[in-house]
Amino acid sequence: MDTTALLLSLKLAALTVAILVPAGIFVARFLAARDFAGKAFVEAVFALPLVLPPTVLGFYLLVAMGGSSPLGRWYEAAVGHPLVFTFDGLLVASVIFNLPFAIQPLQRAFEAIPDDLRHAAACCGLTEAQSLWRIELPLAWPGLLTAVVLTFAHTLGEFGVVLMVGGSIPGETKTIALAIYDRVQGFDMAGAGFMSAVLLLLSVLAIGVTFLTSSRRRDRHRHAD
Amino acid sequence: MRFARCLGRFRLMLPTFPRRAVLRSAAALFLGLLAGAPVRAAQDAPLVAAAADLRFALDEIAAAFARDTGRSVRIVYGSSGNFRRQIAEGAPFEVFLSADEAYVFALAKQGLTVDEGILYATGRLVLVVPEGSPLKLDPELADLAAAVADGRVRKFAIANPEHAPYGRAAQEALESAGAWAAIRSRLVLGENVAQAAQFATSGSAQGGIVALSLALAPGVLGTARYATIPERMHKPLRQRMVLTKRAQATAREFYRYLRQPAARAVFGRNGFALPGE
């Protein structure tokens, strides 16, 4: 069991959630409440990581953040270490490949809130922020929970992008998914098996939580009818 | 409150907001962040990029280095071609042990290394045949083309010749044996030679060509048998190591340690020919 890799994965997942979910709330609410020219295009861009092969995303991130790119050079000059093959670069990649996993459930949840309610909140004198915090988020919490759980679980499991951008460096970019791959190459099937079981358990928990919340929501709607 | 009265008719629709659960998961998230913190502590140990054929030999040397000096290094194993690219892209490796000296020279030319490094070992190729495989254990690979033709070999594992030195050497050996054209369509390519060895012995392939150092490591090949391929069948696998421009004190000490008799003996035990002997 590679605890360093597991801790690294958990840290990466927690930070990704901490960055992406709050940002996702604003993006998702904006997309749910407004109509504007090119909205479909914006939605498509945010959904792209769902269908894009991870290696394609990894390739572009490597090119965009590499030592010879303007972004890579600027980052190294400013921070003192390169962006690719470091935890920071991995976090940037993680936030990008998780965009749909955070935004989609949140957007669906905000869309399910009737416009009347928003209008009622506004006519009661609530500002947008108050309406979001006191009315909409409490209603959208199953979507919020799904976004958190999916983003977290997906970060633990991502392989292709992480390998290409991170390079499997122990304590820096070697996540639990990469550690499993590495253990198999090191002929340590027992180690790989144990870590796989840990990831399997975490994934089952994640799926369990999301299904439980959505079924509870359905039950409540049925009672309301 | 004004808005509460106004919202009265929507009240029934509001599901209970699980404040406690939210607080609890926020706390768990925070703990997760804290738990991640010690990861940073190990980061002063220098990073070593090492060719996959060194996997077991270098682990042994690094353990001895830690015992003798109280310092540790973090080793990443992979294909030399990949490391050459990653170092050029700014990967934070301080020592690079390549399985092919050409990659070291290329990095030196780009000004990314301290010097042109030194030769530390010469690698050898072996034919690996797992238990129960219909393939003959012939070091000259004479049986291979025939085995492909009569269907005895359906899959054959080597490392990717594009960026793994042992893959390239395996291709050269297969070409020398006149079996390359026949076996090309049957190849399974490992990302590096350790993965090729894993493929070759998994039971799904009928054989493979890998590094002698992996064949000698205890427990690696399991019940598979191997035969050392004559050196004349491929270009020598001249393995060169070098300090990158990022190298700090511990990396330099490890680099020196690798040239000591104790370390050389480990390389020798693991099937490498040593330079200067």
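## A bent helix and its partner

Helix α1(A) bends by about 25° at A:Gly24. The bend is the angle between axes fitted to the seven residues ending there and the seven starting there. Helices here are DSSP runs of H or I with at least four residues, strands are runs of E with at least two, and both are numbered from the N terminus.

This is a predicted model, in which local features need pLDDT of at least 70, side-chain atom pairs count only at pLDDT 80 or more, and totals for chains, interfaces and linings use all residues. Residues are numbered from 1 along each chain as its sequence is written, while chains are lettered from A and ligands numbered from 1 in the order in which they are written.

Chain A has twelve helices and zero strands. Its C-alpha atoms fill a box of roughly 60 × 45 × 25 Å along the principal axes.

Now follow α1(A). It has 31 residues and spans 43 Å from first C-alpha to last. That is close to the expected 45 Å, which is 1.5 Å times one less than the number of residues.

Which helix does α1 cross at roughly 55°? It is α5 (residues 87-97) of chain A, and the two axes come within 9 Å. Axes are lines fitted to C-alpha atoms, for helices over the stretch in contact, and angles run from 0 to 180 degrees between N-to-C directions.

In α1(A), A:Leu12, A:Leu15, A:Thr16, A:Ile19 and A:Leu20 meet A:Leu90, A:Leu91, A:Ser94 and A:Val95 of α5(A). Contact means C-beta atoms, placed from the backbone, within 7 Å.

Conventions. Two residues are in contact if their C-beta atoms, placed from the backbone, lie within 7 Å.
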